[in-house]
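Open the structure in your viewer and follow along. Each stop names what to select and what to look for there.

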Amino acid sequence: MTRLLSFAWIFCSLASAEPSSPDLIQRIAFGSCANQNLEQPVWDPVIAAKPDLFLFVGDNIYADTEDLELMKAKYAKLAAKPGYQKLKQACPILATWDDHDYGVNDGGAWYPKREESAKIMLDFFEVPADSPRRGRPGIYGAHTFGPPGKRVQVILLDTRTFKSRPLKDTRGKEELRELNLVGWYVPNPDPATTILGAGQWAWLGQQLRQPADLRFIASSIQVIADEKGMESWGNFPHERKRLYQLIADTKAEGVVFLSGDVHFSEVSRTAEGPYPLSDFTSSGLTNSHPGWAAAVNTHRVSPTAYAKPTFGLVTIDWAAPSPRVSLQARGLDGETALEVKLSCADLRPPAEP
Ligand SMILES: [Fe+2]
């Protein structure tokens with residue numbers, strides 16, 4: 001299928017409910033944390049990597065406002081970047097949000113402009129008027145691509161609209177420094193608190209029951225890394241346990257998490273799921289923070305944490321006897337800064353004896 005026809009299929013598929021496209025996905029680029037006030041040279045290496053799809057996984061702009069006209073003006077700054085315009089020509093774009101583009105730092109369900117912000121965000125990313133993403137609270141959604149046997153599902157979680165307040169870490173700066181923690185938050189044991197909210201949980205269960213060979217679950221905040229005290233699923237341990245259990249209960253094979261937010265890149269892994277689950281964090285497109293990258297993460301399986309402007313590239317080799325997936329953090333020269341390889345054979349529960 002030609003690239004142009006391929007585009008038509010994908011855009012066509014994006015317009016319908018939980019669509020399926022015949023197009024093969026072999027390369028997905030993604031990223032987070034794009035400050036619209038900075039130069040964004042990252043788009044050149046993103047486009048040079050020839051992705052079939054680009055995913056914004058949050059902090060796509062730094063809005064941080066309840067002034068909706070100001071928010072739109074900040075999106076317009078992203079739209080005005082020549083690199084972003086080239087990206088729009090190069091491949092389809094899907095997006096979810098994090099706190100800053102949602103509207104408030106570390107924000108959640110208490111942000112009063114969440115409905116208006118959702119409309120601005122969905123309009124900016126040209127989500128079709130009849131998309132199910134527009135017919136319910138929040139901005140979560142899912143898309144599938146490719147034929148049976150090579151089917152990729154992309155699940156875009158909304159970790160903001162329904163999120164409860166995290167618990168603050170009250171320890172002193174000196175103690176946090178000695179423990180090598182960033183140290184803003186600690187796990188909230190209250191089972192009444194949530195990240196996804198009841199409606200999104202029910203929807204996610206339905207999605208995970210759909211047939212797919214690989215499933216990329218985009219969560220703006222890190223799913224597995226949980227020790228440094230920044231925002232993460234680990235701040236709501238009952239919610240994360242529910243996520244892992246849902247993957248087991250739905251027998252959803254091929255799950256890989258994609259996340260952002262933390263201003264550095266790494267791959268983390270846990271054995272708490274029905275099979276080893278990996279979380280590829282790519283952050284940020286413009287912003288990096290070596291100090292946060294140096295904080296503790298005993299779940300890290302990538303050779304390092306990379307704290308320079310970057311994007312994530314996921315490549316899928318469908319031709320291998322068991323399809324293989326490569327997770328690469330790429331730098332501004334297009335170089336691979338870190339890489340972790342997966343086999344689809346390992347993304348399913350071990351066979352019963
Ligand atoms: Fe964030």
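A residue is buried here if 20 or more other C-beta atoms lie within 10 Å of its own. By that count, 46% of the 353 residues of the protein are buried. Keep in mind that this is a predicted model.

**The whole protein**

Start with everything shown. The secondary structure comes to ten helices and 15 strands. The radius of gyration is 19 Å, close to the 20 Å that the globule rule gives for 353 residues, so the protein is as compact as a globular protein of that length. Its C-alpha trace spans about 60 × 60 × 40 Å along the principal axes.

**The six-stranded sheet**

Next, select β4, β3, β2, β13, β14 and β15. In that order they form an open sheet with mixed pairing. The edges are β4 (93–95) and β15 (336–343), and each of these pairs on one side only. On average, neighbouring strands of this sheet are turned by 20° against each other, direction ignored.

Zoom in on β14, residues 324–330. Seven bridges join β14 to β15, in the antiparallel sense. Pick Ala 329: opposite stands Leu 338 in β15.

**Helix α6**

Now move to α6, residues 114–124. Which residues of α6 are buried? They are Arg 114, Ser 117, Ala 118 and Met 121. These residues lie on the same side of α6, because they cover an arc of only 105° around the axis. An α-helix has 3.6 residues a turn, so residues three or four places apart point the same way.

Key
Residues numbered from 1 in each chain as written. Predicted model: local features only at pLDDT ≥ 70, side-chain atom pairs only at ≥ 80, totals over all residues. Pairing = 2+ DSSP bridges. Helix = DSSP H or I, 4+ residues; strand = E, 2+ residues; numbered from the N terminus. Axes fitted to C-alpha atoms, helices over the stretch in contact; angles between N-to-C directions. Buried ≥ 20, exposed ≤ 12 C-beta atoms within 10 Å, placed from the backbone. Arc of directions from axis to C-beta. Rg over C-alpha atoms; globule rule 2.2 N^0.38 Å.
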